Amino acid sequence: MMSSAKDLTSRQRHIVAWIEDQGYATIEALADHLGVSMQTVRREIIRLDASGHLQRFHGGAGLPEGRIRLGYAGKSALARDAKERIGTATASRIADGAAVFLDVGTTVEAVARALLGRKGLQIITNSFNCARVFQGLPSCSAFVLGGSLRGADGSLVGDTTLSTLRQFKVDVAVIGCSAIEGDGSVMDYDVDKIAVKRLAIAAARQTLLVADGMKFRHHAVARIATLDEFTALVTDAPLPTDIESHLGECQPIVATNS
């Protein structure tokens, strides 16, 4: 029988959360993300396998049999109404004619849909799903960054993506994440995707972080940035006090039903 998550250490919770998001992880990748030795990770995986949280495989770990990772379709359905509200609120801050970087992820895709009907937008994105929203629209242009295709969310990553993105300066970057932690850290799992996010932040005059309220309860293993590096945080729920205290100049925008 699987033990309770409250019995896990912080490191073990991070390992489980990452594998729940990715589906599988190698020992080497986990060691790199956590900044510990491969032997340390191997010991943790043995413990997590014994407790039923993970299943050991040669060279790594995955979800136990019978547990299904929440894939792209599941993430798309999760908090759908909240994401649409966030999308509408974010789009209202983007002017016609703006050059806009759109990140990957289902919340950013909601922003893309909310931008339909706008005039003269120049979209730069590493998301095939975001680019398809603007396909065939004469009122906007969409430039898809090259690179290696990563995962079911249609994301592009790698050296080609980064070198192409370096050519651009945009008015607004819309950035997604997997978690916002109590110390103000904006977090994700995939270091290749994080590299694109960081470069987009550096290339933007304004940066809009989009995250539904569930992200305040999640944890991830690698930092994108801190909250005070963003122009605004667009969410659907009131911010926890600890997170709010780390906003700095970042403006909180809560998208409500009204």
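Buried means under 20% relative accessible area, exposed over 50%, and partly exposed in between (1.4 Å probe, protein chains only). This is a predicted model: local features need pLDDT of at least 70, side-chain atom pairs count only at pLDDT 80 or more, and totals for chains, interfaces and linings use all residues. Residues are numbered from 1 along each chain as its sequence is written, and side-chain values use heavy atoms, leaving out hydrogens and water.

**View 1. The aromatic pair Phe143 and Phe168.** The structure holds one such pair. The two rings are tilted, at 5.2 Å centre to centre and 55° between the planes. (Rings of Phe, Tyr and Trp, its six-membered ring, pair if their centres lie within 6.5 Å; planes under 30 degrees apart count as stacked, over 60 as edge-to-face, the rest as tilted.) Phe143 sits in strand E6 (residues 141-144), Phe168 in the loop between H8 and E9. Phe168 is partly exposed because its relative accessible area is 25%. Phe143, at 38%, also counts as partly exposed.

**View 2. Helix H9 and its buried residues.** Helices (H or I, at least four residues) and strands (E, at least two) are DSSP runs, numbered from the N terminus. Lys193, Ile194, Val196, Lys197, Ala200 and Ile201 are buried. They cover an arc of only 160° around the axis, so they lie on the same side of H9. The arc is that of the directions from the helix axis to the C-beta atoms.

**View 3. Contacts of Ile180.** Contact means heavy atoms within 4.5 Å. Not counting residues up to four places away in sequence, Ile180 touches Ser185, Leu209, Ala211, Lys215, Phe216, Leu227, Leu233 and Ile243.
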